[in-house]
Amino acid sequence: MASKDKLLASAQKALANGKTTRAIKDYQKIVELDKKDYRSRQKLADLCAKAGLKEAALEAYEVVAKNYADSGFYLKAIAVYKQMQKVDSSQLNIYAQLAELNEKQGLTGNALAEYRTLATQYEKNEMPGEAINILQKMKELDPENLNVRVKIAELHASLDESEKGKEEFLEVLEFLKKSNNFDKILKLYEVFLPLFPNEPEMGSGLAEAYLRTGKVEKSLKILRGSIKKNPNDKNLLQMLAEGYRLQKDFNNERLTLQHLLKLSSKNLGHRLKYIRCCMNLGEYDRALHELEEWKEAFFEAEKVEALKECYERLHQKLPNEEKVARTLKLIYEETGEADKLSGVMSSLTEEAGTELDMFQTSDDEVIDDSIMDGITEDLQEIELAESDLLDDQEEVPLDILEGAEEIEELEELEEIEELEELEEIEELEELEEVEEAEEVSIDVSAEADMELEIELDLDDAEDESVLEISEDDLQDETFFDLESALEEVEFYVQQGLLDEAEKVCQEILAVVPDNAEANEKLSNIREQRSAPVEDDSGDFIDIASEVMTETDEALAEEVNEFDLSSDFSQKAEEVEVEAISVEDAESHYNLGIAYKEMGLVDDAIAEFDKAMKNPTRLVDSLALKAMCLAETGAFEEAEQYFWSVLEQPGLGEAEKLGIQFELGLFYENFGKIAEAITVIEEVSAIDPGYRDAGEKLEDLKSGKSASAEGSSGKNSKDRVSYI
């Protein structure tokens, strides 16, 4: 061991004379003699690093770091590996070791930062598989970090592992949908659309995101293209109808909803939107027809409020319509709105009139009194005849009674036949009224600007809006609905589905061969089909190129360069303001001290910033940060931090003395002797013996500077924590 002491003395002498190479050789011999002298080995590493001997420095540092890690001194090991990182930042294994050690120490944020750097380096070196492994570790540490999960999906897609990529993508999408964050969902689709261009759900999802974020025209552009491939896709049709509604294109909305109802006739949600659309178009008779046909289903589904809203709106537009008034009466009785019943009842009385109305020939003309007198006389004669019969009753033979019964049966049969004839006449009259109502032209402009509550439910969740009705309950339509068929043709034409449109036209003409409108539409369809097209790529729809317009170029560039700093997760600045636990604060604080001892001032400051978020280490961290800033030469900033510590409420007397003394030394080191004297005088006045404050004050006043002494002092027990 005597030889080791001589070597140490020789090394120190060499360093004093500036002979670094000689000192390195002495320390190499020392660690060969005593392999467990990790302090000397760390000194050797520091000298090699200073001399530019990277490999030798890294080798020595790693031995020291592993010893600390194996002994459970993770903070010291982290500090050494951080020093290695400064020597050579290209060594990826150092990042991995730092991440694992920070994770063991419970410093999750630090671990994620190291993993993030490592994953980025792997990707730059075209090592996507290794990058995914690191990202999976990050995902385990922080499952809600969506940036990490998006990056995993992106890398899987780049490796042609589409299923794994889609799985991650869908998990992120589900998370964002729960928070209804469609701005981020839109960005998510724009990131992944180029990676999964042939996935139909990508197109529909992007269309929904555009719709939800108010970019209706872009949404409709995608939906029209997608409908060509899937004309009976209920989800696409529902979004298409909603897009038309938001653009106030109520005619196309009604055509789309009508097609949707053809596929889901029992869906009361779609039916309600169709009724509202009809009213927006001013087609109140059509809306009333739908409501009257389906009102029982709405009642059974307990959708009375929706029914009330529609009938009240109709009552405003059709105040003399008896059907509307009668249904409103039922609705108000159901909802218990007695105050509204009187208005509806008076409306019913005015509209329905009484049975004597059949004798009226006009609003002002009534039946002549002489006619009424004749009717009265006839009635009196009948009464007299009946009384005579009662007075002169005689026993009637049985066969005569039987004959009378046959006569009565014949009379009853004739009355039944007459009633049936009357019912047939009434049915014909009602049919004529419906046909007349369908031919009426309604002015749409008055309702075009009506604002409705936006109800956008794009899930095909029929369980929410469908009342299960048996087929027996549905009306049996045995007749051919010409108007609906023609409107179906119009819907297909609007969406560019010419084959489907032509097919329906042929069906119409098979039933009504001479229908002029069907023939005209068929002719127009054939003209459109024969017209030349600039570019027809078949059924394939390149949604990515369709959507990315010139205004999106900047966004597209941003998407192509997507990295872990993207904004799918909580903003970094939002995370920074969160408080940390006492344990985390202690870990960050101790790590900062380790960094400071090794001269890693910037890293130490970063750790003190984290530690001060917990009040238990606020004062100490502020003071040590001030000292670190002083070492970097940032005088003004360091001074501000010292005074901010002194201004902290609840600062103890001992802590205050320690900070004031350090501030005095700080002023002395920067040549601010007057300021140093003022501060040290305050300390000496309270306790002249505190770190020899009295002697320090005399030296300052006499012009003797001891700034080389730094912040050391004889009475270390009086120092504030580490200070």
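This is a predicted model: local features need pLDDT of at least 70, side-chain atom pairs count only at pLDDT 80 or more; totals for chains, interfaces and linings use all residues.
Trainee: Let's start with α8 and α9. Are these helices roughly parallel or roughly antiparallel to each other?

Mentor: Good place to begin! Helix α8 covers residues 128–141 and helix α9 covers residues 146–158, and they pack at an angle of about 155 degrees with their axes 9 Å apart. Angles over 145 degrees count as roughly antiparallel. So α8 and α9 are roughly antiparallel.

Trainee: Which residues of α9 make the contact with α8?

Mentor: The crossing of these two helices is left-handed. From α8, the contact uses Pro128, Ala131, Ile132, Leu135, Gln136, Met138 and Lys139. By class, the contact of α8 with α9 has eight nonpolar, two polar and three charged residues. On the α9 side, the residues are Val148, Arg149, Lys151, Ile152, Leu155 and His156.

Trainee: Now for α17 and α19. Why are they described as roughly parallel?

Mentor: Helix α17 spans residues 284–300 and helix α19 spans residues 322–335; their axes come within 11 Å. The cut-off for roughly parallel is an angle under 35 degrees. The two axes cross at roughly 20 degrees, and therefore α17 and α19 count as roughly parallel.

Trainee: How many charged residues are in the contact of α17 with α19?

Mentor: Let's look at both sides. Leu288, Glu292, Lys295 and Phe299 in α17 meet Lys323, Val324, Thr327, Ile331 and Glu334 in α19. By class, this contact has four nonpolar residues and one polar residue, and the number of charged residues is four.

Trainee: What about α24 and α25: is their crossing left-handed or right-handed?

Mentor: Helix α24 runs over residues 482–494 and helix α25 over residues 498–511, with an angle of about 160 degrees and axes 8 Å apart. The pair is therefore roughly antiparallel. As for the hand, the crossing of α24 and α25 is left-handed.

Trainee: How many nonpolar residues does the contact of α24 with α25 have?

Mentor: On α24, the contact is made by Leu482, Ala485, Leu486, Glu488, Val489, Tyr492 and Val493. On α25, the residues are Glu500, Ala501, Val504, Cys505 and Ile508. There are no polar residues and two charged ones, while the nonpolar count is ten.

Definitions and conventions:
Residues are numbered from 1 along each chain as its sequence is written. Side-chain values use heavy atoms; hydrogens and water are left out. Axes are lines fitted to C-alpha atoms, for helices over the stretch in contact, and angles run from 0 to 180 degrees between N-to-C directions. Helices (H or I, at least four residues) and strands (E, at least two) are DSSP runs, numbered from the N terminus. Angles under 35 degrees count as roughly parallel, over 145 as roughly antiparallel, 65 to 115 as roughly perpendicular and the rest as oblique. Contact means heavy atoms within 4.5 Å. Ala, Val, Leu, Ile, Met, Phe, Trp, Tyr, Cys and Pro count as nonpolar, Asp, Glu, Lys and Arg as charged, and the others, Gly among them, as polar. A crossing is left-handed if the near helix is turned anticlockwise from the far one by less than a right angle, and right-handed if clockwise.
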